[in-house]
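Reader: I have a chain to look at before setting anything up. Walk me through its fold, please.

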Amino acid sequence: SDISGTNQFIRFDHNGNDAGYIEIAEVMLIQKAYPLSFPGYGATRSPESLTVPTAGVWNDNAWTVELLYRTSEKVGKDFVILFNVRGDDNNYYALTIHQDGRVYAEVCSGGTYYNTYSPSDVPLSVGQFYRIAMTGNGTNLTLYVNGVKIRSVSYIKPQIAMSNIYVGHMGINWGWCNGLIDDLRISSRARTDTEIAAAYASNQPLPVDEWTTCK
C-alpha cells in the first residue's frame, strides 16, 4: 500500500507476480474502532442515518428489540434516540436515553404515552457498553438492561401503520444518538425473561433464528 503520495491505493498480487493483481483505489483511512459508510468520490460525510423498512421486519402484535449501546453523551445534555419505529408524531415505539441517564422504553399510541424506565440512581456511565432490550406482546411493554428485567407496563398498541424503523435517530432532526450501537436484533415475538438473561450471560453476538426479522 502507498499512503504517502497523492494517490492512495491497496494492491494485492501473488508472490510479487504482476501478471494479475487487484487494486483498490480511493482508500479512506479513518481512526475509528468501528466501520463507517463510504461517502463516495468528491462527497462529504453526513451523519450516519440507518433506516429500515417495516415490511417483513416489524410485527405490531409481538416484537423484541435488542442491542448493544456505548454512550458518548454526558448525563444532562439531552435525550437521545437509540431505536424508533415511527408512524407519526402521535404513534411510535421508541428506546431512548433521557437527560438523567435513564433508559426508557416507550409506546405512544394516539398521543397517549406508555413507558417504563431504569432507576434514576443507576444512570448509564459514559464509555461503557450496555445490552439493552425491550419487548412488547400487544398489551405489555418490558425493558431490560444487561439481562435484568427492569419493569413492565401495560400499553395499547398504535392503530396506524408504522412507516419506517430508525436506528440512532427518530426520522426528524433531533434526538440524534452520539454513541455506538451494535449487535441489533429485531424479532417477531416477545422473547422471554430467560432468553434475554441468557443472551447477556453468553457474552456472544445475538444469533439469527426463526423469529429474527432483522439483524
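Reader: How many helices and strands are in the chain?
Author: Keep in mind that this is a predicted model. Strands and helices are counted separately here. The chain has 14 strands and 1 helix.

Reader: In what order do the strands of the sheet that contains β4 run?
Author: This sheet is open and has 6 strands, with antiparallel pairing. Its edge strands, β11 (148–154) and β14 (212–214), each pair on one side only. Neighbouring strands are turned by 20 degrees against each other on average, direction ignored. The order is β11-β10-β9-β4-β13-β14.

Reader: Which residue in β9 stands opposite Leu-67?
Author: Strand β4 covers residues 63–71, and strand β9 covers residues 129–136. The two pair in the antiparallel sense over 8 bridges. Opposite Leu-67 stands Ile-132.

Reader: What is the average twist in the open sheet with the order β3-β12-β5-β6-β7-β8?
Author: That sheet has 6 strands and antiparallel pairing. β3 (50–53) and β8 (112–117) are its edge strands, each pairing on one side only. From one strand to the next, the twist averages 15 degrees.

Reader: Which residue in β12 is the bridge partner of Val-52?
Author: β3 pairs with strand β12 (residues 164–167) in the antiparallel sense, over 4 bridges. Val-52 has its bridge partner in β12. The partner is Ile-165.

Reader: What share of the contacts with a separation of 6 or more comes from residues 24 or more positions apart?
Author: The chain has 215 residues, and 37% of them are buried. Contacts here mean heavy atoms within 4.5 Å. Residues 24 or more positions apart account for 59%.

Notes: Residues numbered from 1 in each chain as written. Predicted model: local features only at pLDDT ≥ 70, side-chain atom pairs only at ≥ 80, totals over all residues. Heavy atoms only, no water. Buried < 20%, exposed > 50% of the residue type's maximum accessible area, 1.4 Å probe, protein only. Pairing = 2+ DSSP bridges. Axes fitted to C-alpha atoms, helices over the stretch in contact; angles between N-to-C directions.
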